[in-house]
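Work through the exercises below with the sequence and the 3D structure at hand, and try each task before you read its solution.

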Amino acid sequence: MIPSIILTSKEQELQDLVVVITKFSKLPAGLFNAAEKKFMKEQVETLKHDVVSYNRMGYWVYLFFIREEQDSSKRLEACRKAGDKVAGFLNAQKSSRVAIFDAEGKSLEILAFAEGMALGSYQFLKYKKDKENINTLKEIEIYSKSLEESENNPFVPRPVSRVQLSAAHVPPPASHVPRPASLVPDLNILIQSVAHCRDLINEPNSYLTATVFSKEVEKMAHDSGAHVEVLNKQKIEALKMGGLLGVNQGSHEPPTFTVIEWKPADALNIKPVVLVGKGVVYDTGGMNIKPGDSMLNMKDDMSGAAAVASVVYAIARAKLPVYVVGLMPATDNRPGVQALVPGDIITMHNGMTVEVLNTDAEGRLILADALSYAKRYDPALVIDLATLTGAAVRAIGMFGAVAMHSKAPEELERLKKSGYDVYERLVEFPMWDEYGEQIKSDLADLKNLGPPEAGMITAGKFLEKFTDYPYIHLDIAGPAFIDKRSSYRGQGGTGFGVRLLFEFVRRMAEEELVSW
Ligand code: BES
Ligand code: MN
Ligand code: ZN
């Protein structure tokens, strides 16, 4: 279980406490006696840490100093990391509750700190019999006048100028009332959705087959009020999804194609935002089998699909007034008597033919079918998330995702902005035509393998061929899964993409940017 965040107005009892301030002089009067103040001041001045701690009989007091000089995105990230650090101490001491005291009305920083605490306390324990070292933190209470005021304020302030994004501006329905500010409830929903996403990624293939994945998404839809439909192998055949079927050929398990839809009555958009996630529940490489240790973490190859399911789950639970659809093609990629072999030519959902030169470049095959399927929604924007290429990892590592766009320059700029704010950052790569030339086949319309250089770009170009709408491709192969614990991102599945897309969609709703 991940801790929940609770806004409280009760006076603090004796319990573990974190005081969040910008400088020592802002320490609220009455909280500490002169001796304590002197001790803490010495600690701050000599250690120069952003977190200092002080033990009172039976409980701990932490002081966290927000660094004022940084830009807001870096400042909030420092808060999340400090939250993770303090949560680590509290969990080590087996604390179950902590109170955070907002001494200076720093709502956003307080929320980021709590977010880091909660996400940093995540653990995947399903298969652990030994119940040692289990995180104990359950409740994170926030005592904040400024947050309380904003939660009680019934309406989110509307921005003065509205940005129009494309074609015809459709005014919001007259009955539309801005939704109440709900920062803390939304944050809890988001944190739980990230935890859910991490669980799905951390589940090994021995549990999480394509069918089990689709059942998990069905559960999430039922719990959140979203609509869900699972297309089985028969339907996938009827739809002629040759990419998904081709990749599945070597498997003993059938493929699935899961569609989750959130279409509230008060949706601000008419055309949906469609999210597409790569759901390769295990990638052995197929007949081009992955050598050595390179197969090791390939249970993570459904991280894109997990993020799509989890963000739609979050959007539905938060009841954001935005029409979104999630498409998740899922299968494992294995060698087998029936498996695709290099040189095979398959016909995709949109009728294009693809020469499969490497069965390990399978993600683009299943995504291509989903991207052409997306056209039936007449989408305003399609964003895919995929652990697509090792080239993306080599290019930028684990600290961000590779992004490319087609016909969606402004949308990508806004997504990048959300990326900095939630610290799921994006690096844009070009969709230049020359890369498209490199995946033309002599025998078929396309080949699924380009030259060794710029593999993440030729992969994106491949996908673009199956789109005709504003499109953003995110290659999350680097940040989706990490071997070594990295602050509140944890270890294993990180849930990358959930916070990014939730923030992007939340801003669409709040700023009424949805004019499609
Ligand atoms: N799932 C992998 C990409 C990947 C690599 C994800 C490392 C996470 C970490 C993908 O299906 C793959 O195998 N890509 C190949 C493509 C190549 C054969 C063109 C790659 O990047 O090596
Ligand atoms: Mn592969
Ligand atoms: Zn793969």
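**Exercise 1: Two residues and their surroundings**

Pro254 has a relative accessibility of 35% and therefore counts as partly exposed. Keep in mind throughout that the model is a predicted one.

Task: Describe where Pro254 lies and which residues it touches, and then decide whether Thr258 is buried or exposed.

Solution. Begin with the position in the chain: Pro254 belongs to the loop between α8 (242–248) and β8 (256–262). Next, look for contacts, leaving out residues up to four places away in sequence; what remains for Pro254 is Ala210, Thr211, Lys233 and Asn248.

Now turn to Thr258, which is part of strand β8. Buried means under 20% relative accessible area, and Thr258, at 0% relative accessibility, therefore counts as buried. When neighbours within four places in sequence are set aside, the contacts of Thr258 are Ser214, Val217, Val228, Glu229, Val230, Gly326, Leu327 and Met328.

**Exercise 2: An open sheet and its helices**

Task: Work out in which order the 6 strands of the open sheet stand, and explain why one side of β1 and one side of β3 are left without a neighbour.

Solution. Follow the sheet from one strand to the next, and you find the order β1-β6-β5-β2-β4-β3, with mixed pairing. The strands β1 (4–7) and β3 (51–56) stand at the edges and have a single partner strand each, so one side of each has no neighbour in the sheet. On average, neighbouring strands here are turned by 20° against each other, if direction is ignored.

Then examine one pair in detail: β1 and β6 (residues 139–143) are paired in the parallel sense over 4 bridges, and Ser4 has Glu139 in β6 as its bridge partner.

**Exercise 3: A covered strand**

Task: Find out how many residues of strand β15 (residues 401–406) are buried, and sort them by face.

Solution. The count shows that 6 of the 6 residues of β15 are buried. In a regular strand the side chains alternate between the two faces of the sheet. Sorting accordingly, one side of β15 carries Ala401, Ala403 and His405, the other carries Val402, Met404 and Ser406, and all of these are buried. As for the partner, β15 pairs with strand β16 (residues 426–428) in the parallel sense over 3 bridges, and Ala403 stands opposite Glu428 in β16.

**Exercise 4: Two helices in contact**

Task: Determine at what angle helix α12 (residues 409–422) and helix α15 (residues 498–510) pack.

Solution. The angle between the two helices is about 120°, and their axes are 9 Å apart, so α12 and α15 are oblique to each other. The crossing of α12 past α15 is right-handed. Among the residues that make the contact are Glu411, Arg414 and Leu415 of α12, and Arg499, Leu500 and Phe504 of α15.

Notes: Residues numbered from 1 in each chain as written. Chains lettered and ligands numbered in written order. Predicted model: local features only at pLDDT ≥ 70, side-chain atom pairs only at ≥ 80, totals over all residues. Heavy atoms only, no water. Axes fitted to C-alpha atoms, helices over the stretch in contact; angles between N-to-C directions. Parallel < 35°, antiparallel > 145°, perpendicular 65-115°, else oblique. Left-handed = near helix turned anticlockwise from the far one by under 90°. Contact = heavy atoms within 4.5 Å. Buried < 20%, exposed > 50% of the residue type's maximum accessible area, 1.4 Å probe, protein only. Pairing = 2+ DSSP bridges.
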